[in-house]
Amino acid sequence: MHTSNILITLAFITTLTGCAQTPTTASNPSDPDVLLGRAEALQKQGLPIPALYLTQQAIQHYQQQHNLRNLGYAYLSYAALIRSDQLAAAATFKIRRSGLDPVRGITLENRQQQAHQLEQQALQTLLQAEQQYLASNQFDKLSNVYYNQALAYQRLQQPQQVCIAYDNALAAHHTNLRQNPTASPQTGASGQSVDAQLRQLQAQQGCL
């Protein structure tokens, strides 16, 4: 469940920004978006250990860039990864001895608690991103921030806040379209519009 939500989130990021790209071998290997995309592809292929390292690298780059929107998302992706049974089953002797993330003190034994802390950190980061984009009137990016806030609240089991975040995502999306009539946000893989995707998610969470 967590992994599928994260993959939906990545699709939603590219939908709202209108810059969907499939990472290729020609892509900048230090681009955190590419690193995170590769990490999620590797996890789908059943390779969670290299996915772990790539996600850690992506987080480091987002921190250096002060890219709060994507950093918040990366924390959510990282939390889902370290929670996964797939990762625990694939853990090497080195990882069992030194931990999943020695810098953050994440081990196989405390990974569920650490994942919860990452989800809280993700939410705080996304709340900061919200203020940043409100101040600069970047409603396209703001809609995406609200969407990821909804996912963070879902992980933290705050259903009322989930619904509020989805409402905010829709409102920001509509404001962006009013301010930029020529904007043409891409549809997702299902061909749904941003409105349809958000309303479907609201229905799934019992918000409608």
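Reader: Buried or exposed: what are R83 and E119 in this one?

Author: Both R83 and E119 are buried. Keep in mind that we're looking at a predicted model.

Reader: OK. What do the side chains of R83 and E119 form, and how far apart are the closest N and O atoms?

Author: They make a salt bridge, and the closest N and O atoms sit 3.0 Å apart. R83 belongs to helix α4, residues 68-83, while E119 is in helix α7, so the pair ties together parts 36 residues apart in sequence.

Reader: Which other residue has a salt bridge with E119?

Author: R155 does, with 3.4 Å between the closest N and O atoms. That contact links helix α7, where E119 lies, to helix α8 (residues 139-155), where R155 lies, so here too parts 36 residues apart in sequence are tied together.

Reader: What are the relative accessible areas there?

Author: E119 has a relative accessible area of 0%. R155 comes in at 10%, and because buried means under 20%, R155 counts as buried.

Reader: How many salt bridges does the count come to?

Author: Four.

Reader: What about R111, where does it sit?

Author: R111 is in helix α7, which covers residues 111-135. It's a buried residue without a salt bridge.

Reader: Which side chain of opposite charge is nearest to R111, and how far away?

Author: That would be D85, 4.0 Å away.

Reader: Which backbone oxygen lies 3.2 Å from a polar atom of the R111 side chain?

Author: The one of S84.

Reader: Leaving out residues up to four places away in sequence, what does R111 touch?

Author: The contacts are I82, R83, S84, D85, A88, L100 and I106. Notice that R83 turns up in that list, and R83 is also the salt-bridge partner of E119.

Reader: New topic, cysteines. How many disulfides does a search of the whole structure find?

Author: One. C163 and C207 form it, with their sulfur atoms 2.1 Å apart.

Reader: Left-handed or right-handed?

Author: Left-handed, because the torsion about the S-S bond is about -85 degrees.

Reader: Zooming out, how many helices and strands does the chain have?

Author: Ten helices and zero strands.

Reader: What share of the residues count as buried?

Author: 47% of the 208 residues in the chain.

Reader: And what share of the contacts with a separation of 6 or more comes from residues 24 or more positions apart?

Author: 65% of them.

Reader: Last one: what does the accessible surface come to?

Author: About 10300 Å², and 50% of that belongs to carbon and sulfur atoms.

Technical notes. Residues are numbered from 1 along each chain as its sequence is written. This is a predicted model: local features need pLDDT of at least 70, side-chain atom pairs count only at pLDDT 80 or more; totals for chains, interfaces and linings use all residues. Side-chain values use heavy atoms; hydrogens and water are left out. Helices (H or I, at least four residues) and strands (E, at least two) are DSSP runs, numbered from the N terminus. Buried means under 20% relative accessible area, exposed over 50%, partly exposed in between (1.4 Å probe, protein chains only). Contact means heavy atoms within 4.5 Å. Accessible areas come from the Shrake-Rupley method with a 1.4 Å probe; for residues, only the protein chains shown count as cover. Lys and Arg count as positive and Asp and Glu as negative; His and the chain ends are not counted. A polar contact is a pair of N or O atoms within 3.5 Å; within protein, one must be able to donate a hydrogen and the other to accept it, and residues adjacent in sequence count only if both atoms are side-chain atoms. A disulfide is a pair of cysteine sulfur atoms within 2.5 Å.
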